[in-house]
Amino acid sequence: MKGAIECGGVGEGMAVRTWIEPVVAGAQVASSFYDTGLLLVVKNYYNRTNSTAPAHVLEDLQQKAVSDFYIIYNLVLGLSPLLTAYGLTKLGDKKNRKITICFPLLGYLVSRSLLLLLILLGWPIEVMYGAAALNGLTGGFTTYWAGVMALGALGSSEHRRSLRLIVIELTYGMAGFLGSIASGHIFVHSHISYRQGTVLVASSIAVYAFCFLYSFFVLKVPTTEGTCPAYTAHSKLKDIDQPDSQLPEDERTAGSSGSCEDKGRGPLAPSKLIIAMLFIGAVLYDLAVVGAMDVLPLFLLKKPLSWGPVEIGYGNAAGYMIFITSFLGVFVFSKYLRDTTMIIIGILSFSVGILIMAFVRRTFLFYVARAIMLFALIPLPTIRSLLSKHVQGSSYGKVFVLLQLSLVITGVATSTAFNKIYQNILDWFSGFCFILSCVAGWGRILPLVPLKKQTNKQTKNTQALEHSWIAFMVRG
């Protein structure tokens, strides 16, 4: 037992330093401040630009101008990581996984500072395109989130990995919830010389600085699977000398806890078919979600809702509540349901909620639609968990960043298409994009049918192989 504890690592203080949650929480609070600040700064900028337009056309001009800004901004932000994300992640896998955390955070810190300078110095809004490019070239969210998921997967056992990754998502969501509630109030009530947004954006920069310093000086990379040679060798010798059933109870159960679980068992051979289907399912999920979520802020700014800064903050906070409900869903469902079944539940939850959103004309209906999306977060972390079970630990970073790049490319194309559609249907039915997203949602379930069958088949084959190996060892 002592050997297992020592292999697991490290003392309690060192184990705490492997937690990625403080970085995730801080970065998401900072991101919530920045997102609210950017949206309202852009809105105010185009209000001033179009101030001479007649009142009855001012709203449409503002909507189209803000939409056009976000089309270009999201394109730059989404495509620029393609140049650096894979290289940074490969370097992180070989040298130090903290590279995929620290480098993007440094990029966030510098690029967010440009928004503060824009507010204080009155720069043109096009400066933010350069900020997006800088953010992307330093890895952006693509590299950062792949690094976060890799550290989360490395620090968890296989059978608890879905829960571990959803806990990280829960931390992300709770931080976003608190940041979003505070952001609207800070924007309205805290500013310098009537330059709205200064305190909000400065606060965002300060929190990013904390996250960078914490990840650089405090954060430790968890022990990788297969890095407990003393315990692994001890286990193999015991297995050869006598069957597991004859071992003392503490030695039989030592491997079931801590970071060295299942170290004596070799990694499963990756199934290319399952990996491909998981990628397809994630991309199709992202296709529907990104399109709807990108036009949602514009939908809230226009009539009949016409939300202001405080309402926008509360609306964003309501969106983050799904992180809590999705965590509870995984916590309960994982005891009784397969991963693929949980993914289907999440897809259906999102599809029904976004369909209701298309017909929202009053504030309370918005919150009804958000409430129905209570399990909408379950699919992506569950897909990442399934992926991690079919690749070796040394490849987590590369696989996760390839998945993230696939999602980014899909998101950029979908965002552009949905924004253009939204502009063209403003005078007809502004909720039409949400109906399109719902229709795409139903199509996302199709790749999961063969995936479920293939996963079941591989599980049975793996179990049969393990039983044969155990029988061989007992007879030997």
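Biologist: Is Tyr 46 buried or exposed?

Modeller: Keep in mind that this is a predicted model. Tyr 46 has 12% relative accessibility. The cut-off for buried is under 20%, so Tyr 46 counts as buried.

Biologist: How many aromatic pairs are there in the whole structure?

Modeller: A search of the whole structure gives 27 aromatic pairs. One of them joins Tyr 45 and Tyr 46. That pair is edge-to-face, with 85 degrees between the planes and 5.2 Å centre to centre.

Biologist: And Tyr 172 with Phe 323, why is that pair tilted?

Modeller: The planes of Tyr 172 and Phe 323 sit at 45 degrees, so the pair is tilted. Stacked would need under 30 degrees, and edge-to-face over 60. The ring centres of Tyr 172 and Phe 323 are 5.3 Å apart.

Biologist: Which helices hold those two?

Modeller: Tyr 172 is in helix α9, residues 161–189, and Phe 323 is in helix α14, residues 309–333. The pair therefore ties together parts that are 151 residues apart in sequence.

Biologist: Are Tyr 172 and Phe 323 buried or exposed?

Modeller: Tyr 172 is buried, at 16% relative accessibility. Phe 323 is buried too, with a relative accessible area of 8%.

Biologist: Which residues do ring pairs link into a cluster?

Modeller: The cluster consists of Tyr 108, Phe 141, Tyr 144, Trp 145, Tyr 172, Tyr 208, Tyr 320 and Phe 323.

Biologist: What sits over the ring of Tyr 34?

Modeller: The charged end of Arg 112 does, at 3.7 Å from the ring centre.

Biologist: Switching to charges. How many salt bridges does the count come to?

Modeller: The count is four salt bridges. One of them joins Glu 21 and Arg 164, whose closest N and O atoms are 2.6 Å apart. Glu 21 is in helix α3, residues 21–49, while Arg 164 is in helix α9, 143 residues apart. Glu 21 and Arg 164 are both buried.

Biologist: What does Glu 169 pair with?

Modeller: Glu 169 forms a salt bridge with Arg 384. Their closest N and O atoms are 3.5 Å apart. The bridge links helix α9, which holds Glu 169, to helix α17, residues 379–388, which holds Arg 384. The two residues are 215 residues apart. Glu 169 is buried at 4% relative accessible area, and Arg 384 is buried at 3% relative accessibility.

Biologist: What about Lys 420, what does it bridge to?

Modeller: Lys 420 forms a salt bridge with Asp 68, with the closest N and O atoms 3.8 Å apart. Lys 420 is in helix α18, residues 396–424, and Asp 68 is in helix α4, residues 55–79. They are 352 residues apart. Lys 420 is partly exposed, with a relative accessible area of 40%. Asp 68 is partly exposed as well, at 33%.

Biologist: Now helix packing. At what angle do α15 and α16 cross?

Modeller: Roughly 170 degrees, with the axes coming within 7 Å. Helix α15 covers residues 339–357, and helix α16 covers residues 363–372. Angles over 145 degrees count as roughly antiparallel, and α15 and α16 are therefore roughly antiparallel to each other.

Biologist: Which residues meet there?

Modeller: On the α15 side, Ser 349, Val 352, Gly 353, Ile 356 and Met 357. They meet Phe 366, Ala 369, Arg 370 and Ile 372 in α16.

Biologist: Where is Tyr 285?

Modeller: Tyr 285 is in helix α13, residues 272–301. Tyr 285 is buried, with a relative accessible area of 5%. The C-alpha atoms of Tyr 285 and Gly 441 are separated by 6.7 Å, although the two are 156 residues apart along the chain.

Biologist: Last stop, the loop between α13 and α14. What does Lys 302 touch?

Modeller: Leaving out residues up to four places away in sequence, Lys 302 touches Glu 59, Gln 63, Tyr 422, Leu 426 and Ser 430. Lys 302 is buried, at 10% relative accessible area.

Biologist: Which peptide bond is cis?

Modeller: The one from Lys 303 to Pro 304, with omega near 10 degrees. Pro 304 is in the loop between α13 and α14.

Biologist: And what is the phi of Ser 306?

Modeller: Positive, about 50 degrees, although Ser 306 is not a glycine. Ser 306 is in the loop between α13 and α14, and counts as partly exposed at 37% relative accessibility.

Notes
Residues are numbered from 1 along each chain as its sequence is written. This is a predicted model: local features need pLDDT of at least 70, side-chain atom pairs count only at pLDDT 80 or more; totals for chains, interfaces and linings use all residues. Side-chain values use heavy atoms; hydrogens and water are left out. Rings of Phe, Tyr and Trp (its six-membered ring) pair if their centres lie within 6.5 Å; planes under 30 degrees apart count as stacked, over 60 as edge-to-face and the rest as tilted. Buried means under 20% relative accessible area, exposed over 50%, partly exposed in between (1.4 Å probe, protein chains only). Helices (H or I, at least four residues) and strands (E, at least two) are DSSP runs, numbered from the N terminus. A charge sits over a ring if NZ of Lys or CZ of Arg is within 6 Å of the ring centre and within 35 degrees of the ring normal. A salt bridge is a side-chain nitrogen of Lys or Arg within 4 Å of a carboxyl oxygen of Asp or Glu. Axes are lines fitted to C-alpha atoms, for helices over the stretch in contact, and angles run from 0 to 180 degrees between N-to-C directions. Angles under 35 degrees count as roughly parallel, over 145 as roughly antiparallel, 65 to 115 as roughly perpendicular and the rest as oblique. Contact means heavy atoms within 4.5 Å.
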